[in-house]
Structures are given as C-alpha cells and as structure tokens.
Amino acid sequence: MKSPIPDYLRQVLEKARPEESGNLASYIDVLAKADPSKMAVALSTVDGNLYSAGDDEVEFSIQSISKAFVYALAIEDAGLPRVLEKVGVEPSGDAFNKLSLQPGTNRPMNPMINAGAIASHTMVVGENATAEQRVDRILKALSKLAGRELQVDEEVYEAELKDANRNIAICYMLKAAGIISCDPQEAARGYIRQCSIKTNVRDLAIMAATLGNAGVHPITGEEIMPHESARQVLSVMTTCGMYDSSGAWVSRVGMPAKSGVAGGIIGALPGQVGIAVFSPKLDERGNSVRGVKMFEQLSSDMGLHMMDSSQVGRATVRTWTMTIAGGADQPHECEQEVPVFGLRGAVRFAGSERLTRAIVRDLTPPTSANPEYGRYSNACAVIFSFKDTYSLNYVAQRIISEDIRRLLEAGRKVVVIDPANVLKIDGCPAFNAISPHVVSDEAEARHYIGGQGCRAVAISEDR
C-alpha cells in the first residue's frame, strides 16, 4: 500500500494552480525568464519522513530563504550577544531592500531584510574573514542541512551582481554606520553568492524541519545547530520572515516562515513539520502568490496554525497484535494474528501521518530496499481502534479514510472500532463504493472476523 499523503499534496498544488496573478522578479534577468508554470510542494516531518509533489526536483536559487540559516551560522560563529549588537529583531514594516536602520544604534531592524542579512553574513566565520571563506562555510552548512552537496548558480550570481547597486549601497551605509568592518564590495559579493545557492523544495523542507526539530537533522539525527539558535531563528522568522506582510501571514497561516524572490517559501512548525513550496510569480511584497495560497490551505487543512488550541492534547499511535481463536468461522484449532492500529487523543496531520507510516510498514510485503516491512502482510484482517480518539481534524479524517479505502480495495477485511463516530464514514467520498465494518468494541470486532464464539487468546503490545 502507498501513502495517500503525496496525493493530498498534489491536490493542494492543483487547487492553487489556477491563480495567475503576480509577476516574475524582473530586476534579476535570470529570474525574469523563469518558467511561471513550475510548482512544487514538499513536507518533512521532524522524524525524517519526506513527502513531495509537483516539480519537486526543479532547482531554483535560495535567495532570501538563506537569511534564516545564515543568521543561525552568525549566532554560532559570533555568539548571540555580538549578533544582537549589530542586528535588531524588530519588524521593519518596510520592503526587504530598504536600509531600515534603528535610530540611535544604526542597527538594521532585523536579519530578514537585506541590511540585516548582510550584517549577519559578515559575522560568519569571523569579521575579518574573506568573502570566499564565508561562502564556503555557508555552502557547506546548507549542504549538510539539505543532505546533499549544493552549488552556487553562477548565472544567477552574475545577473544579480550586475545590478547590485542597491545592495552595494547598503553595504557602504553599513560600513559608514560601523555595523560592518569588512570591505563593502566584498560583503556584497559574498551576500549575493549566498543568495545564489541552488536548492529544490525537498532540500528546503528538510532544512525547515531541522529548524522545527530544535536544530537536529530529521534524517541523520545530527545536531546541526544549537536549539537556542533554532529558537532564535524561528522567533525572528515569525515576526519578520514575510517582510511587511508578516502580520497577515501570522494571522492567516500561523507559523514561522521565510520567502525568497525566486518563488520559494519555507515554513517550520516546531515539533511537527517543515514545509517548502515553489512557484515563481510574486506579489507586490516579493512573496510567491501561489506559494502563499498553498501554505494557507495546508495550515487550514492540517491544523498547523501555532495559535490554534481548538484541539487539545497530542495524538499517539499504538500498534498491537490480537491473537484470536475458536470462532464459528474458524477451523477448530486455528489461531489468527490480527494487527490493531489505535489512535489516542486529538489527531491532526502528524498523528495521521504516523498511523499511515505504520500501516505501510506493517502491511506492505518486504522488499530488498525495505526488508523490515510486512510483519502483517498476510493478516486475515485489520482493526482500527478509535475508542480513545478525541477528534480527527479535516486532513486526518481525509488521510485515514484514504488509508482504509486502499486496504479495502486491496481485498483486506477492515474493522473499525468507533463508539463515538469520530471517523465520519457516512457521506465520506472515500467510502462511496466500499466501506469498512464499524463496531463499538473489541468483542464485536473479534466476532466479525472469526465468528461467534471467537475469543482473544493473546494480546501483545507491538510498539
């Protein structure tokens, strides 16, 4: 069985595709020639499961998304007190390429606008380092985050450098204000190379999930950055990451995010997921138009708004084995092992994703690539228990219903223990053609599978 989550992501893409407004970033000639039809979305859980859809291998320059990760590097290399001396943390209310210095201190308002990002860039490695040393450090760090070797897009770099007058002017102003000490031209070159690194949405989703996982890489388990640095970055992304539309973003989407003018946006919900989207057309504030729509739908469907407390508690997934025997529909001495997948608490995307992963792992026959799969690939039936489930939000309902539908279509006997009717089967499109058998307790489930008189010989906790 395949997970339904990529299918859901494809539907998110297609719902946003009709949106034709926005314009390409015309001030960089390479970006002005981008294919506006390209779209992609990727989602990484904090424990390392990656899902994607659309043009997910198409590379584009990271642009201002790099600001978040370079800010983390500056904190690591120079220390947070020194970074805060040079760069503030307040929203500017201005466009990303405005100078926006704080009166009195001359600090850039925050590290997510160009002035603050350039100041952060110059603190990587050390304030006396060369542009080459800084870019090498940044490129290696971002490659470790992405899990593959990233490269600078030289064509984008040359195009940006050709028309870099505003950024060069910002560098000279920062030098005059005493914020940076290196050569302004060298600072501009290094910063532009940083923004020209090529990534795709799969890279960025994993990078965002690392921020959401307190700096620990979701796949390798390696601590990439101290959790204090990740927390600082996420805090500033929340208030400043979407420039002068950050307030509207927090209100509608409700998670730390950072955008780039090549059309990428990342979002990270601490303890849950990292998300990345890509679509090149931008609104007047420099954010991807379709990308914003995709994030709005994902946040609404999946209950990802960080201020949403409508469903309290976290969901947990249990898997156990019920061995049954003695039923009227069984041979006299036959014993059958039936897997039971149980959910407890308020279930959102994260809980339904973990359940889906358990189903795929335990019911899919093993392969050379996944020899650990298939513990219950030959089971006569599958039981889902929702007796301890408080609620299912929209996307959890959709994913779990699709899981069950696929099992039924594969010929599995599926029983749902659902005394409170939290899995809304009536009227659910997934069950128009075929639906599971619903019961109130485990005794009814056993009797349906093995016949009257069937009893539980043993129940063993699996995980």
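Predicted model: local features only at pLDDT ≥ 70, side-chain atom pairs only at ≥ 80, totals over all residues.
Arginine 137 comes out as partly exposed, at 25% relative accessibility, on a scale where buried means under 20% relative accessible area, exposed over 50%, and partly exposed in between (1.4 Å probe, protein chains only). Its partner is glutamate 76, and the two form a salt bridge with the closest N and O atoms 3.7 Å apart; the term stands for a side-chain nitrogen of Lys or Arg within 4 Å of a carboxyl oxygen of Asp or Glu. Glutamate 76 sits in helix 3 (residues 66-78) and arginine 137 in helix 6 (residues 131-146), so the bridge ties together parts that are 61 residues apart in sequence. Helices (H or I, at least four residues) and strands (E, at least two) are DSSP runs, numbered from the N terminus. Glutamate 76 is partly exposed too, with a relative accessible area of 41%.

Residues are numbered from 1 along each chain as its sequence is written, and side-chain values use heavy atoms, with hydrogens and water left out.

By the salt-bridge rule, the count comes to 26. One of them pairs lysine 281 with glutamate 20, at 3.9 Å from N to O. Lysine 281 lies in the loop between strand 7 (273-278) and helix 13, and glutamate 20 in the loop between helix 1 and helix 2 (29-32), so this pair connects parts 261 residues apart in sequence. Lysine 281 is partly exposed, at a relative accessible area of 21%, whereas glutamate 20 is exposed, at 53%.

Another salt bridge brings together the side chains of aspartate 47 and arginine 357, at 3.0 Å from N to O. Here, too, distant parts of the chain are linked: aspartate 47 belongs to the loop between strand 1 and strand 2 (50-54), arginine 357 to helix 14 (residues 349-363), and 310 residues separate them. Both ends are partly exposed, aspartate 47 with a relative accessible area of 40% and arginine 357 with 23%. There is also a network: salt bridges that share partners join Asp7, Arg10, Glu402, Arg405, Arg406 and Glu409.

Next, the domains. The domain assignment gives domain 1 (4-302) and domain 2 (312-461), with bounds taken from an automatic or database assignment. Their C-alpha centres lie 41 Å apart. In contact terms (heavy atoms within 4.5 Å), 15 residues of domain 1 meet 15 residues of domain 2. The two domains bury about 1300 Å² between them, 57% of it on carbon and sulfur atoms; buried area is the accessible area (1.4 Å probe) that two parts lose on being put together, summed over both.

Between domain 1 and domain 2 there are 2 salt bridges. Elsewhere in the listing, arginine 406 bridges to aspartate 7, with the closest N and O atoms 2.2 Å apart. On the side of domain 1 that touches domain 2, the elements giving two or more residues are helix 1 (5-16), strand 1 (40-45) and helix 13 (289-302). Helix 1 provides the largest share of that side, 4 residues.
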